[in-house]
Amino acid sequence: MQIGNLMIETPVFLAPMAGISDYPYRQLIREMGGQLLYTEMISSKGLVYGNERSRELIDFNRREKGLIAVQIFGEDPVFMREAAAILAVEYQPDLIDLNMGCPMPKIVKSGSGSALLQDAKRAGEIMAAVVNAVKLPVTVKIRAGWDRSRLNAVEIAQLAEEKGVKAVAVHARTRDQFYLGKADWQIIQLVKEKVNIPVIGNGDIFSPEDAGAMITGTGCDAVMIGRAVRGNPWLIHRTSHFLQTGEVLAEPDCPERIKTALSHLEGAVAYFGERLGIPRMRKHLAWYLKGLPHSTSIKERIFQLNQYQQVAALLKEYLHMITGPAER
Ligand SMILES: Cc1cc2nc3c(=O)[nH]c(=O)nc-3n(C[C@H](O)[C@H](O)[C@H](O)COP(=O)(O)O)c2cc1C
């Protein structure tokens with residue numbers, strides 16, 4: 001598929017997820033065959049004011065092989081335009097994505113994220129400001145609407161197309177659903193029928209087969225996967241493989257899960273340092289271990305530890321327990 005001038009072979013994208021889609025995790029997914037990966041959302045104001053935290057979140061460099069989409073949020077077209085210009089000059093991502101779907105009260109109160117679904121005029125101004133500021137393709141990520149009585153994804157997607165946005169990602173939930181309830185994929189189909197730019201379907205893909213069903217059912221051009229990738233970085237490649245071949249690759253076994261958790265831990269500590277990296281990794285490790293034998297007690301012990309060597313030793317001990325001495 002193509003987004004603007006960007007050719008994308010693998011239409012399975014890692015969703016932007018605050019606190020999750022960071023550099024170490026993206027690296028891991030890339031090694032497994034992920035192609036277009038989104039960053040966590042980044043504040044346009046933070047970026048313009050040179051806020052260190054915002055700049056850290058961009059955290060990629062051109063050595064990161066494959067394609068990268070940087071997502072920004074904000075309610076002010078001027079800051080959004082400036083932030084996009086900074087990104088284009090200093091960071092050169094492959095595309096810039098505009099967050100118009102975040103449901104969190106703090107974001108919505110400031111008029112950004114999914115609040116923009118309620119303010120089409122401002123949403124249009126932001127789209128136009130960013131599109132005109134950069135040569136990179138600009139995409140937008142939206143929700144079905146604010147609530148069931150205000151399903152306006154089609155209007156917002158049409159507005160995006162009119163303003164020169166090159167693709168629209170649709171999370172098939174309303175703002176007031178947050179992450180609860182079922183995603184209603186029909187809205188993706190409705191958007192697809194009404195715009196000529198590529199549509200990226202998102203919401204409730206938990207397996208390669210789900211992705212196939214979403215594409216068949218809605219006609220969307222690509223899929224974006226969020227929560228199901230947590231503790232499961234293999235899913236992006238397994239989904240691409242399924243879409244290409246119809247074959248469902250086996251899920252990773254226990255030893256592979258633990259070994260991958262160990263390399264993720266190593267990458268996160270190398271990148272963030274021990275003090276930030278260990279707390280950040282705890283949730284990831286819990287996701288990797290979910291459902292594995294004796295994992296509850298291992299997770300409890302991990303949550304007590306603060307040093308890389310201790311956590312790595314515990315994971316190795318666990319690996320040894322599961323596989324026997326040969327896998328040490
Ligand atoms: C912890 C978490 C953080 C998220 N952060 C972002 C974000 O920064 N930007 C964004 O557009 N969506 C964000 N999302 C929404 C996801 O990108 C995605 O739209 C949503 O989870 C639905 O897809 P899924 O059913 O595959 O998880 C986040 C979701 C979760 C669970």
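This is a predicted model: local features need pLDDT of at least 70, side-chain atom pairs count only at pLDDT 80 or more; totals for chains, interfaces and linings use all residues.
Biologist: How many residues of domain 2 are in contact with domain 1?

Modeller: The protein splits into domain 1 (2-245) and domain 2 (254-327). Their centres, taken over C-alpha atoms, are 30 Å apart. Eight residues of domain 1 are in contact with domain 2, and the residues they meet there number 10.

Biologist: How do the residues on the side of domain 1 that touches domain 2 divide by class?

Modeller: One is charged. Two are polar. The rest of the division is nonpolar, with a count of five.

Biologist: Are α6 and α7 roughly parallel or roughly antiparallel to each other?

Modeller: Helix α6 covers residues 120-133, and helix α7 covers residues 153-163. Their axes come within 9 Å and cross at roughly 30 degrees. Angles under 35 degrees count as roughly parallel. The two helices, α6 and α7, are therefore roughly parallel.

Biologist: Which residues of α7 does α6 meet?

Modeller: The crossing of α6 past α7 is right-handed. From α6 come A120, A123, G124, M127, A128 and V131. By class, the contact has eight nonpolar, one polar and two charged residues. On the α7 side the residues are E155, I156, L159, A160 and K163.

Biologist: Which residues come nearest to the ligand?

Modeller: The shell around the ligand divides into 11 nonpolar, eight polar and four charged residues. There are 23 residues around the ligand. Those that come nearest are A15, P16, M41, G226 and R227.

Key:
Residues are numbered from 1 along each chain as its sequence is written. Axes are lines fitted to C-alpha atoms, for helices over the stretch in contact, and angles run from 0 to 180 degrees between N-to-C directions. Helices (H or I, at least four residues) and strands (E, at least two) are DSSP runs, numbered from the N terminus. Angles under 35 degrees count as roughly parallel, over 145 as roughly antiparallel, 65 to 115 as roughly perpendicular and the rest as oblique. A crossing is left-handed if the near helix is turned anticlockwise from the far one by less than a right angle, and right-handed if clockwise. Two residues are in contact if their C-beta atoms, placed from the backbone, lie within 7 Å. Ala, Val, Leu, Ile, Met, Phe, Trp, Tyr, Cys and Pro count as nonpolar, Asp, Glu, Lys and Arg as charged, and the others, Gly among them, as polar. A residue is near a molecule or strand if its C-beta atom, placed from the backbone, lies within 6 Å of it. Domain bounds come from an automatic or database domain assignment.
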